[in-house]
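Please examine the sequence and the model before reading each solution.

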Amino acid sequence: MDASIEAKEGAEPPALLKLAGVLLKVGSTGFGGAMPMLALVYTEYVEKRHWVSQEEFEEAVMVGQIMPGPIAVDAITHMGYRLRGWPGAVVSWFAFILPSFLLMLALTLIYMRYGGVPQFVGLFKGLGAGVVAVIAAAAWRMGRPHLKDLRTACLMVGALLALLLLQANVVLLVIVAGLAGLALFRKPSDFPAGQPKGGPSAMKGGGR
């Protein structure tokens with residue numbers, strides 16, 4: 001395994017069986033789509049076990065946003081790779097989706113058999129309303145650490161309005177938000193040492 005994949009500060013990375021056990025638990029108990037699932041993973045990985053830092057978790061979520069496929073699966077696979085390399089990525093992917101796959105098979109059979117029964121129709125509608133609340137709570141829990149100042153709050157509100165009112169493309173919105181972050185949060189230390197604000201062309205002739 002590459003040194004870049006090792007857990008930070010010499011901490012021992014989790015065993016593959018431990019990683020699989022946690023994700024089997026998350027996959028079996030998480031409902032409501034990507035955001036609630038990622039909230040559960042955040043609790044297990046960041047708050048309880050300290051396997052990854054807040055910054056590493058946010059990076060994994062951003063990778064999941066820009067990659068094709070389900071966000072939660074992409075993010076969890078990314079964190080598995082960071083923790084245990086390719087074996088960690090494969091184990092994380094398989095352990096996370098296995099409970100959902102089995103439960104979906106069972107629920108599909110139940111729905112095909114009882115989906116037309118009035119009592120079950122009401123049950124599914126009630127579950128749908130509850131899931132909306134779960135998603136909203138998970139989004140707030142994961143988004144709150146990002147609201148550190150007025151700039152981040154404005155970016156969040158702007159992105160939300162673009163999605164709700166303008167129905168903006170999600171991929172384009174993520175790219176624009178990243179560019180806005182470069183402009184708003186760039187620090188002087190981000191420039192190479194000795195390079196003036198004018199850029200490389202301003203260094204011709206040897207600025208002193």
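Helices (H or I, at least four residues) and strands (E, at least two) are DSSP runs, numbered from the N terminus. This is a predicted model, in which local features need pLDDT of at least 70, side-chain atom pairs count only at pLDDT 80 or more, and totals for chains, interfaces and linings use all residues. Residues are numbered from 1 along each chain as its sequence is written, and side-chain values use heavy atoms, with hydrogens and water left out.

**Exercise 1.** Determine where S92 lies and whether S92 is buried or exposed.

*Solution.* Step 1: S92 belongs to helix 4. Step 2: buried means under 20% relative accessible area, exposed over 50%, and partly exposed in between (1.4 Å probe, protein chains only). With a relative accessible area of 0%, S92 is therefore buried. Step 3: beyond its neighbours within four places in sequence, S92 is in contact with L19, L23, I76 and G80, where contact means heavy atoms within 4.5 Å.

**Exercise 2.** Classify the pair formed by the rings of Y42 and F57.

*Solution.* Step 1: rings of Phe, Tyr and Trp (its six-membered ring) pair if their centres lie within 6.5 Å; planes under 30 degrees apart count as stacked, over 60 as edge-to-face and the rest as tilted. Step 2: the structure holds 3 aromatic pairs. For Y42 and F57, the centres are 5.1 Å apart and the planes stand at 75 degrees, so the pair is edge-to-face. Step 3: because Y42 lies in helix 2 and F57 in helix 3, the pair ties together parts that are 15 residues apart in sequence.
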